[in-house]
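Try each task yourself, then follow the worked solution.

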Amino acid sequence: MLSKDQIFKAIEQLKKNEVIILPTDTIYGLSAAWNKKNEIKINEIKNANLKKPLIVLISDINQLDILNIEKNEFCELLFEKLTTVIFKTVNGLENIAVRLIVREDIKSILDSTGPIFSTSVNKHGDEPINSKEELENFNKDVKVYFDQEVLNAKPSKIFNSVTKVWVR
């Protein structure tokens, strides 16, 4: 678990639209407040397609309203541990992948900041990074909030509620 000081500093940085590294329920993630500029920033850091959609973490099912998600019967899948669900927005113009976070320390951050992006810490196409030394050396401009090394962690399962197919 992150310390109270780490939680406070992470909240400050996220509210300033900084990209940071946070532990999640699965792996360490490049994280930033949910907005288009930050999605582009994270994809630039990863050397990924700038339009590549990222997973959004929420702390409470009611945060789906902030994301303008068209709620459906698949919302219940969010309560399955380590499951990401892709939803269509109410305007139908885009899809958003959402995961309900379980970790209490990260929930407290999201309760304060609202939804955040989170994607594996790595250059596009490489394996996720989880060791403290590698995380700290990944990008000198990105602050790392480290609590423990994640061993044998796998990314979340992903269900597409639009196509009704398990993606991963």
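The exercises below go from the sheet to the helices, using a predicted model.

**Exercise 1. Find the order of the strands in the sheet, and say which strands are the edges.**

Step 1: Trace the open sheet from one side to the other; its 9 strands come in the order β7-β1-β2-β6-β3-β5-β4-β8-β9, with mixed pairing.
Step 2: Look at the two ends, where β7 (143–144) and β9 (165–166) each pair on one side only, so by that definition of pairing they are the edge strands.

**Exercise 2. In which sense do β4 and β8 pair, and over how many bridges?**

Step 1: Locate β4 at residues 83–88 and β8 at residues 157–160.
Step 2: Follow both strands; the pairing is parallel, over 4 bridges.
Step 3: As a check, find T83, which stands opposite K157 in β8.

**Exercise 3. Which strands does α3 touch, and which of its residues are buried?**

Step 1: Find α3 at residues 104–113; this helix packs on the sheet, touching β1 (20–23), β3 (55–58) and β6, and its direction makes about 135° with that of β1.
Step 2: Pick out the buried residues of α3, which are D105, I106, I109 and L110.
Step 3: Look down the axis of α3: these buried residues fall within an arc of 135°, so they line one face of the helix.
Step 4: See what that face meets; the buried residues pack against α1 (4–15), β1, β3 and β6.
Step 5: Turn to the other side of α3, where E104 and D111 are exposed.
Step 6: Finish just after α3, where G114 takes a positive phi of about 85°.

Key. Residues are numbered from 1 along each chain as its sequence is written. This is a predicted model: local features need pLDDT of at least 70, side-chain atom pairs count only at pLDDT 80 or more; totals for chains, interfaces and linings use all residues. Side-chain values use heavy atoms; hydrogens and water are left out. Contact means heavy atoms within 4.5 Å. Axes are lines fitted to C-alpha atoms, for helices over the stretch in contact, and angles run from 0 to 180 degrees between N-to-C directions. Buried means under 20% relative accessible area, exposed over 50%, partly exposed in between (1.4 Å probe, protein chains only). The arc is that of the directions from the helix axis to the C-beta atoms.
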